[in-house]
Every structure is written in structure tokens, then in C-alpha cells.
Amino acid sequence: MEKVFSRPKCMTATPYHYCPGCDHGIVHRLVAESLDELEIADKTIGVAPVGCSVFAYDYFNLDFSAAAHGRAPAVATGIKRTRPESIVFTYQGDGDLAAIGTAEIIHAANRGENITVIFINNAIYGMTGGQMAPTTLVGMKTATSPYGRDAALCGHPIKVCELLSTLESPIYVTRVAVNTSANLMKAKKAVKTAFRLQKEGKGFTFVEVLCICPTNWGKAPADSHQWLAEKMIPVFPLGTYKDKLGVESKA
Amino acid sequence: MSEKVLMKGNEAIGEAAVLAGCRYYFGYPITPQSELPAYLAKRLPEVEGVFLQAESEVSAINMVYGAAGAGARVMTSSSSPGVSLKQEGISYIAAAELPCLIVNVVRGGPGLGNISPAQSDYFQATRGGGHGDYRTLVLAPNSVQEMSDLTIRGFELADAFRNPVLVLVDGVLGQMMEPVLLPEPTDYDKNSKKWALSGKSPNRDRNLCTTIFLDVDQLEQHNWHLYQKYQVISDEFTTGKWKDYSCELHETEDAEIILVGYGIISRILKTVVEKCRKRGIKAGLVRPISLWPFPTKAIAELAPKTKQFLVVEMSTGQMVEDVKLAVDGKKPVYFFGRTGGTIPSDFEILNEVDKIVRPD
């Protein structure tokens, strides 16, 4: 029988430590498939964040650096400036990227660093136990917003794609989800496009992936995907916010 | 370059870094170290290097972490409040055992303080500064020549021990102009470090820079490993290869009072020793060049030979604790300090010596 599906070459055989239903495994795979297909894994350096994906490097057979909380874009900048011939990506959650690392992501994007950022937005802090994130929806209950996020006290969820697309330098800023097969296909295409643009030396690319967190949302995986479709996507509309080179229209 | 050139201390650090093969600088503006980034902003592009002004001190030190992990000779510089912000990154760099050079042109603190020269970051520099069980090597030049020399030695030490090295100076040294003899340039190859991140080629295992050890046994083992490395460094500064960079002894053999001071203070203390001797007071000087490791043994060996020590600092008393630890109660250790950006005069210090040596 012909083998038609297997683990991407640049992934390790390590079983995921992620909770059942978590989307991290899917997004890791999209990254790995893209690197394999573009034949760039041997020159790729990943930067892991602080959060559930702090051990992302266990799953990729790639050179990797772990970064302090929120600092992945700065670490990636240091790596890429030293080794411009490398492919450098960060993989960050919403607390890491949109709260403590706000300055780092905005300025890395604004400098047009030739790196790729994979941003996992699940509207909550996972690893620390389900606290309110900058992307938590208004009214959403978390460990630190037990009465629901109050916009008058905590503001509204930060929309990172919209924010970054106001900058001149980024060339590709897009938001995808992995909750349906159709969305998964689009997400794969976006991730691969981002890495292809970096490979071509075009500039800063950013892929936000809306993900579920069944454990901290207190919902079963299937219910979580439904909740994502009904509640999250209206607040964080899917689509490409910046495509400076028009790569999507050409494709 | 075999001719002496007249340079500001801050610029001498910049040129020495380039000559040492440093091609990457990440920093954020702050007074009184501004000449250094300004110099490198011009100089690094001439040698195909990278000068990047970061969005914050926090980002700058994390860029250093990234570049060091990728095998670069890399540096940053700042002044006291900025170095406080860098402590997060310094802790990670020490934990990941990455080499880099950090320059602190110390100014008056705490808080925003002022931009005048001070030595009040001694504790922060020599005790690690950030969280966790770690040390940074700390070199304290006292002239523009040494700012050049110790910058170059700093990069060598950082690579030799895979550890951050701090060059601790003050605003006087930074701004001061003196003749300096610059060395020949060194070739440095970023691919020379086999552990560095470069992309995992099929013929080697992947490289990893990390500081997380969730397993308590693993972290304990890692911390003892770091501790043992620090012991080796201490030994090398005490009796080994780096002995000459531990401290300078001046007229200590017959001294009845030994003055202890580093950096710009040591220049003033030399004048004080001279004036004391003219007045019949046998004074000597210990000038720590390396603040960590501290020249504990050299000071301990002088304790039986002298009557007392006087430590002079531009702080309310920080290094004096290390001197007391070295003297170990065997002789009195006195302290004189000015703080808040004030530099003590030789006259003031001479008065203190008088009070100790001739109390009546």
C-alpha cells in the first residue's frame, strides 16, 4: 500500500503534552509541513514563547531558542540579523504577544524584520490556568474575570491583525482558523505563503490562528469549535488584512 | 594601529569592540553613554555589522540573547536605569550560557536619579542583578586605555566561559579623553561555535538555547553546573590565566593603611597615596580590576601586614562589604563615600586618612 500521509520530516516523534482537543498540535503540523514543502527546514531557526507552547521545540527537529515571556520577536530579530540567510519564526500565544510582548511585536513588524510570526489566539492564558488575556471577549468568564470581562474596567479585546496592518512595513498579515476542514486548508495556505515570502526575503509576515482552549474554556472540543465560530470569529473576522505584494490575488 | 589616538572612553569601548570582532550592537538611548551607540551607529556599517536601536532596553537585551545564541560576538550598553531593565535578559543569557558584553556607564540612582557619575550599581553588577543563581563577570577599567583593553578581554572571557561579561564604568571615564593604543583587529567567525543556532543541517543534532528545566533535579544539576563554572572563573582570576586582571597593588608592601577603590576613584586614591607618603603616612592602594570575581585572596593576604583598610566609593557603601568579607575581622575596615553623583576630592579622602591614622 502506498503511504499517503505521515509525520512531517522536520517534526519529532514526541507525543504532544497539550490537552485533548487543543489546536496547538494542528498548527505545529502546518508549520512543519510548510517548512518541508518549501525545503527550508535545514536553515530554519524557531523561537518558542512562554505559554502552553513553551516546549514547542520538543516537537520540531529544528534549531530552536526559547525566549522570555513576550520577547520572541526581539530574540528572532537578534538571530535573523546575525544570520540573514536563515529562516526565523516565532510561535506565540495571545498573552505572550498581545500583552507582555506588545512593544516587541509592534516594533519587529514596524522594522519589517524578515521573520514569520505565528500567533495563536485562543482568547485566554492557558499554561497559567485560564486567566483573562488581552484577546478575551467582552463578557467572557476567566479565572481573573470571574464575572465576565467588563469592557469598562478592562477594555475590549485587542485585534492584532488590524493593529499591525496600519503599519507600513509588514508585507503579509492574515487571520485564519483551524475549526473546519475548509478553514484548515486556508490556514495551511497562509502559513506556507508567509514562509515562502520570508524565503524570498520579502519582509515581515504574520499569521494569526484562532484556536480553541477546551480545558480553560470549560467546553468539550466540539462545543469549543462551535463557540469559536459563533463568538470569536465575529469579533476577530477571518481574512487577510495586509497583502502588500498582492500574493493572494496572484495565487 | 600602533599609534596612540586621543579618544573618549565611551568611543574607545566602541572601537575596541569592533577590533575584537563584535559586529552586532543592540541598544536604547540613555545618558551618559550616548557616545558609544553614536560611535557604533557610524562604525558598524563600515565593517558590514549591524547597529540596531531597539524599542526598549528589554528588547535590546533580548536581541543580544538571540544574536549570541546564533553565534555572534554581540554587545549592548546602557546606564543604570536601563541596566535595571536589562536584568530579565541578563538572567536568561546567564542561564542559557551565552556569551555577550554589557556596558554599564553608571549614573546616580536609585530611581531616575541623575546623570552624574556614580558607583551605586556595584551590588546589582556583582550579585547577578536579575533573578536566580547566577553571576556575571564584572570588569572595572580606570582609564580610557583600559576601557579599550578590558572590552577586548571581555569578549574573550565571555566566549571562554560562555557567560555574560559586564564592563562597569562611570560617567567620568565615559566622557574623559585620553590617549589610547588600540590593538590589531581580531578575526572572529560566527560559525566557530558548534553549539550556536544556524539551522539544523542533516549531519548534526539540533541546537537549542533554553533556560527552562521543569524537573527539579535537572534545574538543581544545571545550577550546580553554573556554580562550578563560576568557581573555575574565580580560580582563574585568583591564581590562573586571568590573575593579572584581578587587581592592581600599589605601595602595599609596607603600608599601615590600605586604601581600596575601583574605577575613577582609584585614580584619585593614587594621588592620595602619594600625598600621604609625602606627609609620612605609609599608605597603599588595592584597585580591584575584576569586581566579580572579587580579589578576595589578595586583600586577605594583606590583612596581616597592614593596620587598617579604608574603602572609598561613590556610593553609600557597597564594595566595602566584599572587603570586609576578605579581611574577615582581622583588621578594621573603614568606609568613606560620596553619593548622588558627587566625586570625592583627594583632600576629603586625605582628611579621612588623617582621622584614622592620627585620631588626635
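Two strands pair if DSSP finds at least two bridges between them. In this predicted model, local features need pLDDT of at least 70, side-chain atom pairs count only at pLDDT 80 or more, and totals for chains, interfaces and linings use all residues. Residues are numbered from 1 along each chain as its sequence is written, and chains are lettered from A and ligands numbered from 1 in the order in which they are written.

**Pairing between chains**
- Strand S2 (residues 63-66) of chain A pairs with S9(B) in the parallel sense over two bridges; strands (E, at least two residues) and helices (H or I, at least four) are DSSP runs, numbered from the N terminus.
- A:Ser65 has B:Cys209 as its bridge partner in S9(B).

**Interface of chain B with chain A**
- Contact (C-beta atoms, placed from the backbone, within 7 Å) joins 34 residues of chain B to 28 residues of chain A.
- The elements of chain B that each supply at least two residues to this side include strand S2 (24-27), helix H4 (80-95) and strand S9 (208-209).
- H3(B) gives the most, with eight residues.

**Domains of chain B**
- The assignment, automatic or from a database, gives domain 1 (4-192) and domain 2 (246-357).
- Their C-alpha centres lie 27 Å apart.
- The contact between them takes 23 residues from domain 1 and 21 residues from domain 2.
- On the domain 1 side, H5(B) gives the most, with four residues.

**Confidence**
- Chain B averages a pLDDT (the predictor's confidence in each residue, from 0 to 100) of 97, and 99% of the residues score at least 70.
- The complex has an ipTM of 0.97 and a pTM of 0.97 from the predictor.

Note on methods: Two residues are in contact if their C-beta atoms, placed from the backbone, lie within 7 Å.
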